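Please look through the structure below with this briefing at hand.

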Amino acid sequence: MMHLTDEQLIARDDVNDLHLAECEHCRLKAEKLAGIRQQLQKLPTHKLPVDLWPSVKQAELTERRKHQLESSEKRAKFWQISSFALAASLLVTGVWVGVFQSSNSQVDGGLAEQVNLLIDQNKELQLQLKSRSGRELEGNFEFNRLTQELDKLDARLQRVYMQPGNLIEKNKLWSMRKILLVELNLISKDRHSIESDKKAIRI
Amino acid sequence: MADSKGFSQQLPKAVIKAAKNGEIDALELIYRTYSDAAYTLALRICREPSLAQDVVQDVFIKVMKSIHSFREEGAFAGWIRRIVSNETINRIRRQNHLQLVNDEQISNLASESLFEQEWLMATRDLDSMLGKLTESARAVLVLHEIEGYSHKEIGDMFEKSESFSKVTLSRAYKALKKLADKPSSKIVSGNK
C-alpha cells in the first residue's frame with residue numbers, strides 16, 4: 001500500500017483525508033504532526049519591552065496637522081479665486097435688494113445708511129487685499145485661518161440676504177467682515193513689505 | 001490575562017467606530033490591546049527585538065492612518081495581524097535576509113520519515129530552535145502552523161506561489177527535526 005509523503009501530511013486535502021481514513025500507518029503519523037503543531041501553538045508570547053504609544057501618537061498627530069494645513073491651503077486657494085466673485089455677487093444682487101427693502105422704512109433709515117457705508121468700506125478693503133495677495137501668503141497659517149473665517153462669514157451674509165429686513169444682523173455681519181479684511185490686509189501688507197525688502201536686498 | 005490572548009482578543013464595535021472617527025483614546029486602546037501580540041508575531045518571524053519594535057511602531061502608525069478603510073464585516077484583530085505579517089516579511093525581504101527556495105529544489109523534497117516519532121516533544125527549547133531556522137523557513141512555519149494562514153495567503157505575502165509555501169514549510173520541519181535530533185537539544189533526565 002502506498003503511503004502519504006510528509007508534504008502530503010502537512011498540506012492535507014480531501015484525497016489525503018480519504019487515505020488517512022483507511023491507513024493506520026499514515027493516521028499515526030498525522031497524529032504525531034498534530035502533536036508537534038500543538039507544541040508550536042504553546043510557544044510563549046513576548047511583552048513589548050518599550051511603550052511605543054507616545055511615538056505612535058505623535059506620528060498620528062503630526063499627520064493630522066499636516067492634513068489640516070494642506071486642506072486649509074486648498075481652502076485658501078479656493079477662497080482667493082471664489083471669494084471675490086462671491087462678494088461681487090453679493091454686492092450686485094443681494095445688497096441692492098436689502099438696500100431697497102431697508103429704504104422703505106424711515107425708522108431703519110439710519111441703520112441702512114450705516115450698512116451701505118460698511119459695504120463700501122468692505123469693497124475698498126477687498127480691492128486692497130486683492131492687489132496685495134500673492135503666492136507668498138499660501139503657507140501663512142493665520143492668513144489661511146482668517147480667509148476661512150471670511151468664507152464662513154460670506155456664507156452667513158448670503159443667508160441673511162435671502163430674507164427680508166434684518167438690518168441689525170446685516171450691520172453686524174458687515175462689521176465683522178470689515179474687521180477680518182483689515183486683519184487680512186495687515187498680514188498681506190507685512191508680507192508684501194518683507195518680500196519687497198528681500199527684493200531690495202537682492203538688487 | 002489579556003497579554004496571553006494575543007490576536008484572539010476582541011474589541012467592542014463602538015471602540016472601532018470611535019477609532020475610525022479619529023478618537024485618540026480609542027486608538028490608544030487598540031494599541032494597548034494588540035501591541036504585545038504584534039510584537040510577539042514580528043519577533044517570532046524576524047528574531048531581532050529592535051527590528052520587531054520598529055515593525056510594531058510602523059504597523060500602528062499604518063493602522064491609525066488607514067483604519068477608516070477597515071470594513072467592519074471582517075475581524076479587526078485579523079486585519080492588524082495581516083498588517084504585522086506583511087510588514088515583517090517586507091522588512092526582512094528588504095534586508096535580503098530571506099533565503100527563498102527555488103523551483104529546482106522543489107522536486108527533491110519528497111520524504112516519508114518526518115513524523116514517525118514525536119521528536120518535538122523531547123526538545124528542550126522550541127523557541128530557541130526556531131531561532132536557528134532560516135528566516136523564510138521560520139516565517140512560513142509561524143504563519144502557517146501558529147497563525148493559521150493558508151499556503152496561498154503566505155505565497156501572496158512573499159510574492160511567490162502556493163507551492164513555495166508548502167515546500168518551505170516542509171523544509172522547515174526537516175530542519176527542525178534535525179535540530180531536535182542533536183543530543184544538545186534533548187532533555188537530560190534529572191537535569192531540570
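A residue is called buried if 20 or more other C-beta atoms lie within 10 Å of its own, exposed if 12 or fewer do, and partly exposed in between, with the C-beta atoms placed from the backbone. This is a predicted model, in which local features need pLDDT of at least 70 and side-chain atom pairs count only at pLDDT 80 or more, while totals for chains, interfaces and linings use all residues. Residues are numbered from 1 along each chain as its sequence is written, and chains are lettered from A and ligands numbered from 1 in the order in which they are written.

**Confidence**
- The model scores ipTM 0.77 and pTM 0.62.
- Over residues 186-192 of chain B, pLDDT stays under 50. Where pLDDT is low, the predicted coordinates should not be read in detail.

**Chain A and its helix 6**
- Chain A has seven helices and zero strands, where helices (H or I, at least four residues) and strands (E, at least two) are DSSP runs numbered from the N terminus.
- Of the 203 residues in chain A, 22% are buried.
- Helix 6 of chain A (residues 141-161) has 21 residues and should span 30 Å at 1.5 Å a residue, which agrees with its end C-alpha atoms being 30 Å apart; the expected span is 1.5 Å times one less than the number of residues.
- The buried residues of helix 6 of chain A are F143(A), N144(A), L146(A), T147(A), L150(A), L157(A) and Y161(A). They lie on the same side of helix 6 of chain A because they cover an arc of only 160° around the axis, the arc being that of the directions from the helix axis to the C-beta atoms.
- Turned away from that buried side is a face of helix 6 of chain A that carries the exposed residues F141(A), K152(A), A155(A) and R159(A).

**Where the chains meet**
- The contact between the chains takes 32 residues from chain A and 39 residues from chain B, two residues being in contact if their C-beta atoms, placed from the backbone, lie within 7 Å.
- Helix 3 of chain A gives the largest share of the side of chain A that touches chain B, nine residues.

**L143(B)**
- L143(B) is found in helix 8 (residues 135-146) of chain B, and L143(B) is buried because 26 other C-beta atoms lie within 10 Å.
- Not counting residues up to four places away in sequence, L143(B) touches S85(B), Y149(B) and I154(B).

Notes
pLDDT is the predictor's confidence in each residue, from 0 to 100.
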